[in-house]
Amino acid sequence: MSGAFGRAVRWDWIAINPADRAERPERDPARPEPPAVGEAARLIEEAARRDPDWGAFVWVTTTTGARRGELCALHWQDLDLDGRVVDLRRAISRAENGWIEKDTKTHQHRRIVLDDETVALLREHRLRCEQRAASLDVELAPRAYVFSLEPGGGRFLVPDSVTQRYDRMAARLGIETTLHKLRHYSATELINAGVDLRTVAGRLGHGGGGATTLRVYAAWLSEADQRAAATLAGRMPARIPAGLAASEAGEPGQKPLDDPPAPYIYIANDLRGGM
């Protein structure tokens, strides 16, 4: 409605936008609940134990922080394993006629650097896909999907199916979490490791220069906050113990004799000398 009224103002149909005077309801603070480090490790190990392809999907979700639709839409040609970079430019989204491939949620293309372990895992996944396709006399084309149930990689994974599979796995392990919370895990671990907010926001695909990232994940930075406090304390001058300071100061309220005069004393003396 605000947009409609805004157009009416621009077209001189009305003088002001009534929506500008509306009081917006308060937004509940974001409460991300990333899995603990041990829980994330158990989830990854369980996924890889049951199905290496599924394990690769969960691993890459964790290390990149990408959305489920973005990984479902990932093609082999979007990966530069030699350059250790993945190009996220599409996502699988629900439409009126089913699931389709379209732009990412924020309509932005972003490139994410991959770590060595993720590159090695994706190379193993690629070899596994090639061997599976060759055994069935199927070609694995560059446009093939990285994660697919078809030997040739011709069809993408359905995001809802991926989420349901993850939920069942987490329930078996007795861990209360969701697939989306792996993004929370990626963000909090990066920030706790000292990675700057702008870089974390870029990897997650958040806009606003990190404002969204800070709003959502600020409550989960206790470890980073502790490091910040320790860093600031390390830059403070050495503190004189209370007992020692009292003994050197003499009577309560009396300054030590060897303290330098206050600045106003110098000013007063200069004024006297000029009179």
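Biologist: What makes the side chains of threonine 118 and aspartate 115 a polar contact?

Modeller: The two side chains come to 2.6 Å. The term covers a pair of N or O atoms within 3.5 Å; within protein, one must be able to donate a hydrogen and the other to accept it, and residues adjacent in sequence count only if both atoms are side-chain atoms. So 2.6 Å qualifies. Mind you, this is a predicted model: local features need pLDDT of at least 70, side-chain atom pairs count only at pLDDT 80 or more, while totals for chains, interfaces and linings use all residues. Residues are numbered from 1 along each chain as its sequence is written, and side-chain values use heavy atoms, with hydrogens and water left out.

Biologist: Why is threonine 118 called buried?

Modeller: Buried means under 20% relative accessible area, exposed over 50%, partly exposed in between (1.4 Å probe, protein chains only). Threonine 118 has 0%, so buried it is.

Biologist: And what does threonine 118 touch, leaving out residues up to four places away in sequence?

Modeller: Trp59, Val60 and Thr63, where contact means heavy atoms within 4.5 Å.

Biologist: Why is the pair of phenylalanine 57 and phenylalanine 147 called edge-to-face?

Modeller: Rings of Phe, Tyr and Trp (its six-membered ring) pair if their centres lie within 6.5 Å; planes under 30 degrees apart count as stacked, over 60 as edge-to-face and the rest as tilted. Here the centres are 5.1 Å apart and the planes stand at 80°, so edge-to-face is the label.

Biologist: How do you know that this pair ties together parts 90 residues apart in sequence?

Modeller: Phenylalanine 57 lies in helix α3 (residues 52–64), and phenylalanine 147 in the loop between α5 (116–135) and α6 (159–173). Helices (H or I, at least four residues) and strands (E, at least two) are DSSP runs, numbered from the N terminus.

Biologist: Are those two phenylalanines buried or exposed?

Modeller: Buried: phenylalanine 57 has 1% relative accessibility, and phenylalanine 147 has 3%. Ring pairs also link Trp54 with Phe57 and Phe147 into a cluster.

Biologist: What makes arginine 126 count as a charge over the ring of tryptophan 76?

Modeller: The rule wants NZ of Lys or CZ of Arg within 6 Å of the ring centre and within 35 degrees of the ring normal. Arginine 126 lies over the face of tryptophan 76 at 5.0 Å from the ring centre, so the distance meets the 6 Å limit.
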